[in-house]
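Visitor: I have a chain to go through and would like to ask about its parts one by one.
Guide: Go ahead; here it is.

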Amino acid sequence: MFTQPKGQTLTAEQAVALDDEFFGSRPLAHMAARIASLLTSADVPAAGQSNRLATCIAGLGAGHESDAASFTDADRDLHVATEAFAARHHAAETLVRLYHALAVAPSPAGAPRCVWSALCDGPTQTATLVDQASAHLSSDDGHATFWKLVLPASAAQTSPPDEANTTALNVMAAWLQRAMLLLLPSEPIDLNAAYNKIKHGMAVRARNDLLAIFTKNGPDPDETMSLSALTGSGTHSLIDGLSVAHLSRPRAAGRKQGLEMTTLNLPPAALLAETWMLARTHAAMFHIAAERHFAGRRTAPHPAPEPLLGPTPDELLGDPVVGIRHPVTTPPGGGAPDRQPGIALRTSFIPLVIHFDQKSTATVVDG
């Protein structure tokens, strides 16, 4: 448990001991348990959960038990949705950082290779992490050696290449690329900023009552609007139900922008399915690294996960509306914002021209 420092760099024995500890963990089991706990929470009525909370805080004394029942089923659903968003981002960063540690990070001069210390000393800025990882993955060397990170050595001995291995390789490469895209700032919509706002102080507004819909039908002369005009044919839903909004100050055109409001859809099932695929890709990479670390020794890594044969991000996700964005203030240097308001789909961005002088209001009526 206790170690004695023997210099500014790791000794060979320390490097082995550290990775013995690191590769003894079960990251896929952790993420599976996290996903399952969110799904379980979504199925339990708030009343039952508040009773358990009251029991937990009973030892704090009077004045706490009544507050344990202060949340409703709607509050619980919002919690599950925001936690699912955070879990997906956590899984994405975990995958990219492991790839960086295994494929990109150089060994310190004169020091032995240690995956755990490479993870510790990796880039602190997410943008730097993604830039370096993406550049390596797209390089000739990165392309030629990626299979060694996610497939067993026996995969290279099959000729012609095994179809299942080829499929798994392509699926996992696609999910690694998806993980990098999730971590990229600003374009077309800053998911990383949203994650940071949730992680650092919960500076967001989650809600379950916001609808944003495109429709060809306008309000009636009496300033009412039929509900069917918002749900029938010819309508397109942008924000539908569970969502989270945050403020950020992005950069564009080489300068800092003003405040920007972003509202994201939060579909828990889709977010958790994506989390699982990112975690499975990480699990394959983690297992191969552990297998290589323990090679020739009595200690063996935890059993390998099943081959990941699909789906790819395109197959799982399609091209839904991710969210909408719009400027709130102009840039601090003056002039108009350089980022247009618009709708972000998973694979594209649709800019909008909004005529604020032509807005109208209406009361939605059932019909």
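Visitor: Which elements are included in what covers the buried residues of α1?
Guide: The model is a predicted one. In helix α1, residues 12–22, the buried residues are Q14, A15, D19 and F22. What covers these buried residues includes two helices, α5 (115–120) and α11 (268–293).

Visitor: Within what arc do the buried residues of α1 fall, seen down its axis?
Guide: E13 and E21 are exposed on the other side of α1. The buried residues line one face of the helix, because their directions, seen down the axis of α1, fall within an arc of 125 degrees.

Visitor: Why is the pair of F22 and F23 called edge-to-face?
Guide: A pair of aromatic rings is described by the distance of the centres and the angle of the planes. The ring centres of F22 and F23 are 5.1 Å apart. Planes over 60 degrees apart count as edge-to-face, and those of F22 and F23 stand at 65 degrees, so the pair is edge-to-face.

Visitor: Which residues form one aromatic cluster with F22 and F23?
Guide: The structure holds 5 aromatic pairs. F22 and F23 are both buried. They form one aromatic cluster together with W116 and F286.

Visitor: How many helices and strands does the chain have, and what part of its residues is buried?
Guide: The chain has 12 helices and 10 strands, and its C-alpha atoms fill a box of roughly 80 × 60 × 45 Å along the principal axes. Of contacts between residues at least 6 apart in sequence, 72% join residues at least 24 apart. Of the 367 residues in the chain, the buried part is 38%.

Visitor: Which element gives the most to the largest nonpolar core?
Guide: This core has 59 residues, and F85, Y99, F146 and M285 touch the most other members. The elements that give two or more residues to the core are α2 (27–43), α4 (73–104), α6 (126–138), α7, α8 (163–183), α9 and α11. With 12 residues, the one that gives the most is α4.

Visitor: Is F146 buried or exposed?
Guide: F146 lies in helix α7, residues 140–150. Leaving aside residues up to four places away in sequence, F146 touches Y99, L137, L169, M172, A173, L176 and M285. Its relative accessible area is 5%. Buried means under 20%, so F146 is buried.

Visitor: What is the relative accessibility of L278?
Guide: L278 has its place in helix α11. Not counting residues up to four places away in sequence, L278 touches R88, A91, A92, L95, W175, A179 and L182. L278 and E93 are 185 residues apart along the chain, and their C-alpha atoms are separated by 9.4 Å. L278 counts as buried because its relative accessibility is 0%.

Visitor: Does R88 count as buried or exposed?
Guide: R88 is placed in helix α4. Beyond four places in sequence, the residues that R88 touches are R178, L182, L191, L271, E274, T275 and L278. The relative accessibility of R88 is 6%, so this arginine counts as buried.

Visitor: Which are the edge strands of the open sheet of 6 strands?
Guide: The order in this sheet is β1-β3-β6-β7-β8-β9, with antiparallel pairing. Two of these strands pair on one side only. The edge strands are therefore β1 (204–214) and β9 (349–351).

Visitor: By how many degrees are neighbouring strands of this sheet turned against each other on average?
Guide: The sheet is open and has 6 strands. With direction ignored, its neighbouring strands are turned against each other by an average of 25 degrees.

Visitor: Which residue in β8 does G323 stand opposite?
Guide: Strands β7 (residues 321–327) and β8 (residues 342–345) run antiparallel and are joined by 4 bridges. The residue in β8 that stands opposite G323 is A344.

Visitor: At about what angle does α9 run to β3?
Guide: Helix α9, residues 191–199, lies across β1, β3 (236–248), β6 (260–265) and β7. Relative to β3, the helix runs at about 65 degrees.

Key:
Residues numbered from 1 in each chain as written. Predicted model: local features only at pLDDT ≥ 70, side-chain atom pairs only at ≥ 80, totals over all residues. Heavy atoms only, no water. Buried < 20%, exposed > 50% of the residue type's maximum accessible area, 1.4 Å probe, protein only. Arc of directions from axis to C-beta. Contact = heavy atoms within 4.5 Å. Pairing = 2+ DSSP bridges. Axes fitted to C-alpha atoms, helices over the stretch in contact; angles between N-to-C directions. Core = buried A, V, L, I, M, F, W, Y, C linked by side-chain atoms within 4.5 Å. Phe/Tyr/Trp six-rings, centres within 6.5 Å; stacked < 30°, edge-to-face > 60°.
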